[in-house]
Amino acid sequence: ANPPTGGIPFAERNFLEQAAEQTATLAVSKPSMRGSTLTADVTVTNLTGHRFPSGVGFRRAFIDFVVRDAATNAIVFESGRTNSIGAITDMQGTVLPSEYNGSTGPNGHSFQPHFWTGNPITSDGQVQIFEELLKDADGNFTTSFIRQDCHFKDNRLLPLGWRKDGPDLKKFYGEPLKETWADGTGDDPHYQDPLGANGQAVVRYSIALPARVSNVTVTAQLYYQAIPPYFLRQRFEQAPNGTGTQRLYFVTSTLDT
């Protein structure tokens, strides 16, 4: 069939092409084995001209890392599994506590830290999420534009060419552009000079495999969410009876993508 030249189908094709070819790439290293522990690194490279994801702070991207038994194709480990509403779960389908981030419930202070070669993922309850997490003046996580007080975590992928000092400091009153600095990334060299200029993140997985598994295949995918489920939970908890919240609930419940 001829490709669309206009209208919504054309816009959809452009969006899919941009997401597939101009957003980010993933590369998985050859896994190594020490005893029953598999270790593999996933390198994510930012192809955009800005931090990814960008825009409003609740957008996020995360890695779905899967290890399969090569003989049976059965999944023996997965970090980043999701359910039907896009909430991240463990391998048993239980929604992770970090998916209740900002809730008034018991897991409202839960979050996923930044993972890298010095802080590897070792369980299915851990997942690498590239995101910006903000807190209000009371120390609670928030996605409200009017309650934001401080950055808690910002491990979004840096853009190619990033430098800690940024452009010519003389043009910025001798001050570096600190708003472009990462938060909560520890000693990860890919968020500092000079590796930060590569626009990459390297995430290490160190997984204890079942004794019966000796030959595996490893895959990784990067998923993007414009509206994570925890954002909706915050809206529904904070203004459950508001007209705008009811409209948002209807739209997100019936939207068929």
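Trainee: What space lies in the second largest pocket?
Mentor: A pocket is an open set of points on a 1 Å grid over the protein atoms alone, where a 1.4 Å probe fits, with protein on both sides within 12 Å along at least five of seven lines. Points are joined across faces, edges and corners, and a volume is the space filled by probe spheres set on them. For the second largest pocket that gives about 200 Å³.

Trainee: What kind of model is this?
Mentor: Residues are numbered from 1 along each chain as its sequence is written, and side-chain values use heavy atoms, with hydrogens and water left out. Local features need pLDDT of at least 70, side-chain atom pairs count only at pLDDT 80 or more, and totals for chains, interfaces and linings use all residues, since the model is predicted.

Trainee: At what angle do the axes of α2 and α3 cross?
Mentor: Helices (H or I, at least four residues) and strands (E, at least two) are DSSP runs, numbered from the N terminus. Axes are lines fitted to C-alpha atoms over the stretch in contact, with angles from 0 to 180 degrees between N-to-C directions. The axes of α2 (residues 229-238) and α3 (residues 243-254) come within 10 Å and cross at roughly 145°.

Trainee: Which residues of α3 meet α2?
Mentor: Contact means heavy atoms within 4.5 Å. From α2 come Leu232, Arg235 and Phe236. Their partners in α3 are Thr245, Leu248, Tyr249 and Thr252.

Trainee: Is Gly166 buried or exposed?
Mentor: Gly166 sits in the loop between β11 (150-154) and β12 (200-208). Buried means under 20% relative accessible area, exposed over 50%, partly exposed in between (1.4 Å probe, protein chains only). Gly166 has 12%, so this residue is buried.

Trainee: What is the relative accessible area of Asn73?
Mentor: Asn73 lies in the loop between β4 and β5 (75-79). Its phi is near 70°, a positive value in a residue other than glycine. Asn73 is partly exposed, at 47%.

Trainee: Which residue does a cis peptide bond join to Asp193?
Mentor: Omega is about -5° at this bond.

How values were computed:
On a 1 Å grid over the protein atoms alone, a cavity is a set of points where a 1.4 Å probe fits but cannot get out, and a pocket is an open set with protein on both sides within 12 Å along at least five of seven lines; lining residues have an atom within 4 Å of a point.
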